[in-house]
Amino acid sequence: SLELAQLDLKALVRTIPDYPKPGILFRDITTLIEHPEGFRESVERLANAHRGLGVTHVAGIEARGFIFGAGVAIALGVGFVPIRKKGKLPGQTIGQNYALEYGVDTIEIHDDVLDGSHRVLLVDDLIATGGTAIAAVGLIRRTGAVIEHAGFVIDLPDIGGAEKLETEGVTVTSLIAFE
Ligand code: PRP
Ligand code: ADE
């Protein structure tokens with residue numbers, strides 16, 4: 001029936017060429033989250049893919065990872081841990097430099113929230129090179145916590161980040177692919 005037809009999430013993502021640099025096809029999720037069912041369905045599908053795994057926390061990466069990660073944490077009934085760009089977290093942090101599709105940056109996590117008793121799900125809007133996600137997994141593992149799953153709204157499979165993340169022992173789930 002019409003009601004059961006699945007929403008076309010991919011059609012809700014806007015593509016902007018040459019942003020933020022020439023040659024980059026920017027996959028813009030602002031058009032997806034502006035759509036109430038698109039936003040809700042993205043969060044629900046990421047949450048449903050990670051039920052029954054004993055996840056104790058969702059970690060989301062600033063800034064776009066906060067949008068989806070916060071929703072997934074609420075849907076799973078677990079807490080949310082922010083992974084932020086350098087200098088934004090007020091407590092004691094550990095940090096990691098990394099390269100992404102269009103630059104370099106540093107991310108940080110508070111060092112007193114996660115430990116070996118925790119199982120973390122990483123959430124972000126998009127994986128391209130995997131540089132950001134692999135840096136985040138490294139930070140989470142340095143806290144002692146277990147991370148075996150990551151969820152993304154968008155994968156760019158030709159760039160190979162998801163495959164690289166899997167070689168780090170992380171099972172990757174994504175909702176949409178742009179070849
Ligand atoms: C984007 C995106 C991912 C990362 C993916 O974040 O939200 O975090 O790039 O690229 P990678 O797989 O090549 O590492 P960006 O650093 O642009 O930050 P934003 O969320 O603050 O816009
Ligand atoms: N982050 C890294 N590569 C990206 C892309 N092509 N579109 C949107 N965000 C990105």
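This is a predicted model: local features need pLDDT of at least 70, side-chain atom pairs count only at pLDDT 80 or more; totals for chains, interfaces and linings use all residues.
Student: What makes α3 a helix, and how does its reach compare with the expected span?

Tutor: Helices are DSSP runs of H or I with at least four residues, strands are runs of E with at least two, and both are numbered from the N terminus. α3 has 13 residues.

Student: How do you know that the buried residues of α3 line one face?

Tutor: Buried means under 20% relative accessible area, exposed means over 50%, and partly exposed lies in between (1.4 Å probe, protein chains only). In α3, the buried residues are G65, F68, G69, V72, A73 and L76. Seen down the helix axis, they fall within an arc of 140 degrees, so they line one face of α3; the arc is taken from the directions that run from the axis to the C-beta atoms. An α-helix has 3.6 residues a turn, so residues three or four places apart point the same way.

Student: What do the buried residues of α3 pack against?

Tutor: They pack against α1 (30–33), α2, β3, β4, β7 and β8, where contact means heavy atoms within 4.5 Å.

Student: Why is the pair E44 and R40 called a salt bridge?

Tutor: The term requires a side-chain nitrogen of Lys or Arg within 4 Å of a carboxyl oxygen of Asp or Glu. For E44 and R40 the N to O distance is 3.5 Å, so the pair qualifies. The two residues are four apart in helix α2 (residues 36–48), about one helical turn. The structure holds six salt bridges.

Student: What makes R84 and E62 a link between separate parts of the chain?

Tutor: Their side chains meet in a salt bridge at 3.0 Å, N to O. R84 lies in strand β4 (residues 79–85) and E62 in the loop between β3 (57–61) and α3 (64–76), so the pair ties together parts that are 22 residues apart in sequence.

Student: Why is E62 called buried while R84 is called partly exposed?

Tutor: E62 has a relative accessibility of 15% and therefore counts as buried. R84, at 22%, counts as partly exposed.

Student: Which elements does the salt bridge of E148 and R119 tie together?

Tutor: The closest N and O atoms of E148 and R119 are 2.8 Å apart. E148 lies in strand β8 (residues 146–155) and R119 in strand β7 (residues 119–127), so the pair ties together parts 29 residues apart in sequence.

Student: Is H149 buried or exposed, and what does H149 touch?

Tutor: H149, in strand β8, has 18% relative accessibility and therefore counts as buried. Leaving out residues up to four places away in sequence, H149 touches H50, L53, V120, L121, L122, V170 and T171.

Methods:
Residues are numbered from 1 along each chain as its sequence is written. Chains are lettered from A and ligands numbered from 1 in the order in which they are written. Side-chain values use heavy atoms; hydrogens and water are left out. The expected span of a helix is 1.5 Å times one less than its number of residues.
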